[in-house]
Amino acid sequence: MRALLLLAVLAALAAAAPAAVAGAAPVVGISDSNPIMFDDPSFAATRISTTRLMIAYDTVEAATRGDTELDGRVVPYLAAAAAARVQPLVTFEHSRGSWTECRAAPRLRQCRLPGGTEYHDAVRAFLERFPQVTHVSPWNEANHPAQPTARAPKMAARYANIVAGVCRELRRRCTIVVADVLDAADRADARRLTFRRTTRWIRRFRAALKIPRRVCGIHNYSDVNRFRADGTKALMRALGCREYWITESGGLFRFGQFWDEALRRTAGCRSRAACQLKATRHLFAITGRMRRVKRIYVHSWYAGRRDRFDAGIVSGWRTDWMALPRPAFYVVRDHAWDGPVVRVPAPPGPPPPPEEPVFEWPPDALFEGLPDDQAPPIADAPPEPESEPAPAPAP
């Protein structure tokens, strides 16, 4: 009877083990490009082990033209990440500048789609400058109208192919997030959602992609803040990748008139902070049921300065090194504590100080090669002086 009971217990454990692995919680990271974040005590309290840095693809070349992004933000960010043993995911995008100017001045650098050779040289210059970077996303939100790749999915795929080639040239083992796609519905407010434009973009992207789709990135703001999962599932079906990273998402605190009174009433939350909290919980709820989602990068750490977009999980401007956590912060912190972490090796320490040389006299090398009869004699140490006899005692 005991043997049968033991076999039943072992069988139950064996059946439960694959389910536990399949439902493992994803790694939680932060998507924010401000290096001051690493000095915030609240950041250290989250135990976050990976962050996402978004930069212009030509940041190294732009520094030669006087641009300050490289020395003012990228170098301090990567140095702080290494000191905190945090793994950076570097995401490239258009040259620095506002995309809102592209309609009036389409020839501006931020509006232009770089050629393959230009992109190759820029990415190689960056990866040569920063050998610690091994996780790369070739282009941010490549299907978003703000990006020059929105109408060029084949070029977006070519950029992914180029990044893989640069890593081979440098003999670096890279993890490439081959796609970074936004869950843009044909009509976001439709009762029955369709994603024809986005899936058509993905089909053209996949046709030009020559590297394996091991990791794909998804930005599912629309799903998270409208409390659904349709867009995330549609993108996963269209991309067909081995695993997925939610490379940018989170609950919105402010996005124009998004959380107006009518929408807050529909969502059942009384304030912007409450809506952001509910959306953040929804983010982890829907991804927790998707076993191929392996990482979630919550955007962002700090609040935005402008009313246009604010998804910060701590309040305060980007110059405040310590800001007050919003309610959504605690949801992110708890999931980061409960989930796995990325193991990052400690940065190399300073070299040990050189040993002090020990001098011996006479040095043997002084007489190397000389015949014995030509070697100068080595004087013996002088004998110890003999002590004088003690005086005789007085009579």
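**Close-up views of a predicted model**

**View 1. Strand β2 pairs with strand β3.** Seven bridges link β2 and strand β3 (residues 87-93), and the pairing is parallel. Two strands count as paired if DSSP finds at least two bridges between them. Helices (H or I, at least four residues) and strands (E, at least two) are DSSP runs, numbered from the N terminus. Alanine 56 stands opposite glutamate 93 in β3. Strand β2 spans residues 50-56, and six of its seven residues are buried, so the rest of the structure largely encloses it. Buried means under 20% relative accessible area, exposed over 50%, and partly exposed in between (1.4 Å probe, protein chains only).

This is a predicted model: local features need pLDDT of at least 70, side-chain atom pairs count only at pLDDT 80 or more, and totals for chains, interfaces and linings use all residues. Residues are numbered from 1 along each chain as its sequence is written, and side-chain values use heavy atoms, with hydrogens and water left out.

**View 2. The whole chain.** The chain holds 12 helices and eight strands. Of its 395 residues, 46% are buried. Contact means heavy atoms within 4.5 Å. Among contacts in the chain with a separation of 6 or more, 73% are between residues 24 or more positions apart.

**View 3. Strand β1 pairs with β2 and with β8.** Strand β1 (residues 27-31) runs parallel to β8, with five bridges. Two bridges pair β1 with β2, also in the parallel sense. Which residue of β2 is the bridge partner of isoleucine 30? Threonine 51 is that partner. In β8, isoleucine 30 stands opposite valine 298.

**View 4. Strand β8 is largely enclosed.** Strand β8 covers residues 293-299. Six of its seven residues are buried, so the rest of the structure largely encloses β8. Strand β7 (residues 243-249) runs parallel to β8, joined by four bridges. Tryptophan 245 has arginine 295 as its bridge partner in β8.

**View 5. The largest nonpolar core.** A nonpolar core is a set of buried Ala, Val, Leu, Ile, Met, Phe, Trp, Tyr and Cys residues joined through side-chain atoms within 4.5 Å. The largest one has 80 residues. Those with the most contacts inside it are Ile30, Phe92, Tyr119, Phe126, Leu239, Trp301 and Ile313. Helix α6 (residues 153-169) gives the largest share of this core, 10 residues.

**View 6. Isoleucine 313 and its contacts.** Neighbours within four places in sequence are left aside here. Isoleucine 313 is then in contact with Ile30, Gln276, Val298, Ser300, Trp301, Pro325, Arg326, Ala328, Phe329 and Val332.

**View 7. Asparagine 220 is buried in a loop.** This loop lies between β6 (215-219) and α8 (221-225). Is asparagine 220 buried or exposed? Asparagine 220 is buried, with a relative accessible area of 0%. Its side chain makes a polar contact of 2.7 Å with the side chain of serine 249. Another polar contact, of 3.1 Å, joins the side chains of asparagine 220 and threonine 232. A polar contact is a pair of N or O atoms within 3.5 Å; within protein, one must be able to donate a hydrogen and the other to accept it, and residues adjacent in sequence count only if both atoms are side-chain atoms. Leaving aside neighbours within four places in sequence, the contacts of asparagine 220 include Asp183, Ile246, Glu248 and Leu283.

View 8. Glycine 251 and asparagine 225 are 26 residues apart in sequence, yet 6.0 Å apart in space, C-alpha to C-alpha. Beyond neighbours within four places in sequence, glycine 251 is in contact with Val224, Asn225, Gln276, Ala279, Thr280 and Ala311.

**View 9. Arginine 242 is exposed.** The loop between α9 (230-239) and β7 holds arginine 242. Its relative accessibility is 58%, so arginine 242 counts as exposed. With neighbours within four places in sequence left aside, arginine 242 is in contact with Arg213, Arg214 and Arg292.
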